[in-house]
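This report covers a sheet and a surface patch. The sequence and structure are shown first.

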Amino acid sequence: MKPGIHPDYHEINVIMTDGTEYKTRSCYGKPGDTLRLDVDTKSHPAWTGVQRMLDTGGQVAKFNKRFAGIGTRTK
């Protein structure tokens with residue numbers, strides 16, 4: 001490996017969504033930093049099989065409102 005081109009690889013603390021903690025090595029932050037996960041295997045529907053209800057109608061309406069003027073020409 002070439003010297004001086006690789007990021008610093010150090011130990012950090014990871015806190016899962018249920019509060020469990022473990023140590024791992026990563027390039028994230030500084031040595032000893034804490035990474036709090038928003039989504040992990042204990043909370044993501046792909047692993048749990050339980051889906052939560054999203055307000056997709058509200059999200060679509062918000063998107064349409066935000067980008068309604070794109071693609072229309074004014075003379």
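In this predicted model, the bridge partner of Ile 15 in strand 2 is Glu 21. That contact belongs to the antiparallel pairing of strand 1 and strand 2, which runs over six bridges. The two strands form a hairpin with five residues between them. In its turn, Gly 19 has a positive phi of about 100°.

Strand 1 (residues 10–15) also pairs with strand 3, here in the parallel sense and over three bridges. Asn 13 stands opposite Thr 34 in strand 3, and Val 14 has Leu 35 of strand 3 as its bridge partner.

| Strands | Sense | Bridges |
|---|---|---|
| Strand 1 and strand 2 | antiparallel | six bridges |
| Strand 1 and strand 3 | parallel | three bridges |

Together the three strands make an open sheet with the order 2-1-3 and mixed pairing. Strand 2 (21–26) and strand 3 (34–36) are at the edges; each has a single partner strand, so one side of each lacks a neighbour in the sheet. From one strand to the next, the twist averages 35°. Strand 1 is mostly covered, with five of its six residues buried.

The other feature is on the surface. Phe 63, Phe 67 and Ile 70 make a nonpolar patch of about 330 Å². Ile 70 lies in the segment after helix 2 (56–66). Is Ile 70 buried or exposed? Its relative accessible area is 62%, and the cut-off for exposed is over 50%, so Ile 70 counts as exposed.

Definitions and conventions: Residues numbered from 1 in each chain as written. Predicted model: local features only at pLDDT ≥ 70, side-chain atom pairs only at ≥ 80, totals over all residues. Heavy atoms only, no water. Pairing = 2+ DSSP bridges. Helix = DSSP H or I, 4+ residues; strand = E, 2+ residues; numbered from the N terminus. Axes fitted to C-alpha atoms, helices over the stretch in contact; angles between N-to-C directions. Patch = residues over 30% accessible without salt bridge, like charges linked within 9 Å, V, L, I, M, F, W, Y side chains within 5 Å. Areas by Shrake-Rupley, 256 points an atom, 1.4 Å probe, with all protein chains shown as cover. Salt bridge = Lys/Arg side-chain N within 4 Å of Asp/Glu carboxyl O. Buried < 20%, exposed > 50% of the residue type's maximum accessible area, 1.4 Å probe, protein only.
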